[in-house]
Amino acid sequence: MHSSPLQGSPHINRRQLLAAAGVAAFLLPRDGVAAQGASGRPTVFAHTTVVTVDAVHDDVALAVDGDTIAAIGPTDEISAKYPRAAVYDGRGKAILPGLINCHAHLAATLGRGFNEDFGFPNSAHLAVSPESLLQGEEQALMVTIGALECIRSGTTTVVEFASNIGGYASALAQSGLRCVFAESIADSETVRGPMSVEGLAGSVAPKFSAQRRNEGIQRITDLYSSWHGAKQGRIIVFPTASLAETSSPELLQAVRAFAEKHDLGYSIHLSQSRAEVDYMVRHHGVRPPAFLARSEFLGPRLFAAHCRYVDEGDIALLSRSRSIISHQAAMAGNRGVIPPIPALRSAGCPIAYGTDNNTNDMLEAMRVALLTERVRRDDPLPGLLPQPEDALEDATRGGANALRLGQVVGALEVGRKADLIVIDTQRVHLVACNN
């Protein structure tokens with residue numbers, strides 16, 4: 001008996017298989033990826049493979065009308081339904097949901113080669129920061145290079161976490177990416193950036209500036225007024241607190257209030273280093289997550305970046321508040337500290353992925369995330385969990401939920417935006433493509 005590809009795929013879902021007995025294979029490539037945009041008339045991807053978190057559908061068609069997925073089904077049926085469509089020969093190709101990068105610093109592209117291999121915070125102590133050398137449109141150029149890398153490696157949605165995004169917002173908007181401008185603010189007068197060992201040794205009691213706080217909120221307000229909803233809705237603006245150690249309770253409450261007023265998400269760098277944790281305990285009497293909880297900053301709108309140094313109490317706070325964790329696995333590996341993702345996941349914290357700075361390759365971030373989580377799990381039979389489907393889910397549905405876009409992107413379903421990528425499975429490093 002023959003069944004259609006959408007009724008029953010011959011491919012095995014390894015998560016389902018593992019629940020029963022064994023192991024199989026699914027390959028996500030590191031090359032051959034291009035973002036597919038909308039065209040003036042419908043586009044039909046014919047005789048292709050559609051990959052979702054839960055299934056692989058072979059020899060089907062996917063139709064895009066405008067910027068929306070209009071149909072998925074047998075190629076003959078879809079072709080008949082859209083006779084005037086532009087047809088893309090999908091044989092030897094696989095279509096996946098566009099990857100969602102929940103934490104990037106595209107403006108830090110120039111830091112490549114200066115920001116690796118020196119720990120965190122950077123111990124190289126350069127006399128001149130590379131970013132300070134940029135003039136005129138050079139910052140926009142660096143952001144554009146970062147955006148191109150996002151597109152080249154399968155990202156269709158990216159969160160730019162930075163201050164003064166307005167200066168290069170236009171360049172990023174022109175990239176075609178779906179962008180979240182996460183305007184970052186701080187109000188500390190005594191801490192200027194991520195806490196270091198040296199900074200901790202010389203630290204003094206925190207002091208905050210109402211003027212800096214108000215100026216930051218005004219930047220967020222202005223960026224929101226200018227850009228939120230622009231480019232046919234591709235541009236979103238979130239309020240963001242830079243760091244726990246540079247934020248007053250008043251700033252945290254203002255960021256959350258802005259997000260709730262406009263139905264937005266918000267973010268922060270959290271528990272990045274031992275020095276940060278020690279600073280918060282020394283000067284605030286609690287660890288960073290507890291400081292956020294005391295300031296009513298935790299919650300389901302929050303996607304907190306990193307969480308490399310969290311203990312059981314921190315994890316319980318994050319879990320109870322339904323806060324989301326943005327895991328930058330490749331950068332964590334670079335820093336030499338992998339966050340306790342298995343414990344966070346087991347506690348019920350939703351997980352999303354990001355790249356951080358230096359590189360914007362989400363496929364690499366997914367690969368490192370999968371491998372390092374397997375190491376941290378220390379299972380009796382290692383190497384089974386998580387599966388590639390799990391990493392794909394974190395990088396698509398997980399990211400979409402973190403950005404409050406769970407009904408818009410993150411899956412290949414009729415009615416969702418056509419934020420999708422096409423992978424050439426005939427590249428030499430992907431043959432044989434058994435799953």
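Contact here means heavy atoms within 4.5 Å. Helices (H or I, at least four residues) and strands (E, at least two) are DSSP runs, numbered from the N terminus. The model is predicted: local features need pLDDT of at least 70, side-chain atom pairs count only at pLDDT 80 or more, and totals for chains, interfaces and linings use all residues. Residues are numbered from 1 along each chain as its sequence is written, and side-chain values use heavy atoms, with hydrogens and water left out.

**Exercise 1. Describe the packing of α6 and α8, starting from the residues that meet.**

Step 1. On the α6 side, the contact residues are Arg-213, Ile-217, Ile-220, Thr-221 and Tyr-224. They meet Glu-250, Leu-251, Ala-254, Val-255, Phe-258 and His-262 of α8.

Step 2. Sorted by class, this contact has seven nonpolar, two polar and two charged residues. Ala, Val, Leu, Ile, Met, Phe, Trp, Tyr, Cys and Pro count as nonpolar, Asp, Glu, Lys and Arg as charged, and the others, Gly among them, as polar.

Step 3. Axes are lines fitted to C-alpha atoms, for helices over the stretch in contact, and angles run from 0 to 180 degrees between N-to-C directions. Helix α6 covers residues 210-227 and helix α8 residues 249-262; their axes are 10 Å apart, at an angle of about 20°.

Step 4. Angles under 35 degrees count as roughly parallel, over 145 as roughly antiparallel, 65 to 115 as roughly perpendicular and the rest as oblique. α6 and α8 are therefore roughly parallel.

Step 5. A crossing is left-handed if the near helix is turned anticlockwise from the far one by less than a right angle, and right-handed if clockwise. The crossing of α6 and α8 is right-handed.

**Exercise 2. Which term describes the orientation of α14 to α15, and which residues make the contact?**

Step 1. The axes of α14 (residues 362-377) and α15 (residues 388-402) come within 10 Å and cross at roughly 130°. That angle makes α14 oblique to α15.

Step 2. The crossing is right-handed. Helix α14 contributes Met-362, Met-366, Leu-370 and Arg-374, and α15 contributes Pro-388, Ala-391, Leu-392 and Ala-395.

Step 3. By class, these residues are seven nonpolar, no polar and one charged.

Step 4. The loop between α14 and α15 holds Pro-386. A cis peptide bond joins Leu-385 to Pro-386, with omega about -5°.

**Exercise 3. Is Ala-241 buried or exposed, and what does Ala-241 touch?**

Step 1. Ala-241 lies in strand β10 (residues 235-243). With 0% relative accessibility, Ala-241 counts as buried.

Step 2. Not counting residues up to four places away in sequence, the residues that Ala-241 touches include Phe-161, Ile-185, Leu-251, Val-255, Ile-268 and Phe-297. Two of the names, Leu-251 and Val-255, also belong to the α8 side of the contact with α6.

**Exercise 4. Where do Asn-164 and Lys-231 lie, and what is the phi of each?**

Step 1. Most residues other than glycine have a negative phi, and most peptide bonds are trans.

Step 2. Asn-164 has a positive phi near 60°. Asn-164 lies in the loop between β8 (155-162) and α4 (169-173) and is partly exposed, at 47% relative accessible area.

Step 3. Lys-231, in helix α7 (residues 230-233), has a positive phi of about 55°. Its relative accessible area is 35%, which is partly exposed.

Terms used. Buried means under 20% relative accessible area, exposed over 50%, partly exposed in between (1.4 Å probe, protein chains only).
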